[in-house]
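Take a look at the fold below.

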Amino acid sequence: MANAGGPTEAAGTTRPQARGGTNDKKGETMSTTQDKHPGRSRWAVSVAQTVGRPGETQELDAVFPAPSGVGDDFYGLPEDSDVHVVGALDSLVDGLMFQGTASARIVGRCARCLKDVSHDAMIDLSAFMPVAVSRAAENDRLGRGSKASETLVDEMDEAEDVYPLTGGGEFADFEALLRDAFIQALPFTPLCSPDCKGLCPQCGIDLNKNPDHRHEAHDTRWDALESLRERLERQAGATGE
Ligand SMILES: [Zn+2]
Ligand SMILES: [Zn+2]
């Protein structure tokens, strides 16, 4: 059951750019918590209506800016480029479970021929977003009479795929999740194509465009044999006359 009224409306309400942030009343209570990412984070999605209501589902269809630190200039996700996230946040007793996909364009250079390469990547996302324990969060929840009790265990913060809610449990912040997921998804060696021939190690010419490119083989290890061959040929020529 989607409490946001349907996918279309959810798309509008959860789009992070649409959030005003600072003049938001929730944004102020946020600063009293110990969360690093207040509601005005560009990756924050309001989940206040879903969290603490086990069984509820909140659809998410949003475009986030790509977080920094995914790859490098050579190959990666350009910071602030679009990352399209589609999925659903399922409310559990102690937090939210997010499952969905993220689509973005990975750009860089081929490791063999240095040609610009890019590809549209779609990766699966799966994360548990527990309600973080904090005095402010606790008070906030008591104040609203929420029955959502059990909060999380501290060690879970360290575990993979666990991204605690921010703002006293009012926001799901996708920054760290996206960064981690894309870093994991980057191929070890970016190639323009799996059978890229690369560059000539001697002159640097692109062997994909010049498949017949060769250099005169000149390996000094063969010089002795080569001169022997020439001598033998001369001798053969001489005796042959
Ligand atoms: Zn290449
Ligand atoms: Zn060459």
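What follows goes from the core to one helix and then to a loop. This is a predicted model.

Begin with the nonpolar core. The largest one has 33 residues. Those with the most contacts inside it are Val 45, Val 47, Leu 96, Leu 165, Ala 172, Phe 174 and Leu 178. Several elements each give two or more residues to this core: strand 1 (44-46), strand 2 (57-65), strand 4 (82-92), strand 5 (95-109), strand 6 (116-130), strand 7 (171-173) and helix 4 (175-185). Strand 5 supplies the largest share, five residues.

Now pick out Val 47. Leaving aside residues up to four places away in sequence, Val 47 touches Gln 58, Leu 89, Leu 96, Leu 165, Glu 170, Phe 171 and Ala 172.

Turn next to helix 4. Which of its residues are buried? They are Glu 175, Leu 177, Leu 178, Ala 181 and Phe 182. Viewed down the axis of helix 4, these buried residues fall within an arc of 165°, so they line one face of the helix. An α-helix has 3.6 residues a turn, so residues three or four places apart point the same way. What do the buried residues of helix 4 pack against? Their partners are strand 2, strand 4, strand 5, strand 6 and strand 7.

Finish in the loop between helix 4 and helix 5 (223-240), where Pro 187 sits. Is Pro 187 buried or exposed? Pro 187 has 12 C-beta neighbours inside 10 Å, so it counts as exposed; the limit for that class is 12 or fewer. Gly 76 lies 111 residues from Pro 187 along the chain, yet their C-alpha atoms are separated by 9.5 Å.

Note on methods:
Residues are numbered from 1 along each chain as its sequence is written. Chains are lettered from A and ligands numbered from 1 in the order in which they are written. This is a predicted model: local features need pLDDT of at least 70, side-chain atom pairs count only at pLDDT 80 or more; totals for chains, interfaces and linings use all residues. A nonpolar core is a set of buried Ala, Val, Leu, Ile, Met, Phe, Trp, Tyr and Cys residues joined through C-beta atoms within 7 Å. A residue is buried if 20 or more other C-beta atoms lie within 10 Å of its own, exposed if 12 or fewer, and partly exposed in between; C-beta atoms are placed from the backbone. Helices (H or I, at least four residues) and strands (E, at least two) are DSSP runs, numbered from the N terminus. Two residues are in contact if their C-beta atoms, placed from the backbone, lie within 7 Å. The arc is that of the directions from the helix axis to the C-beta atoms.
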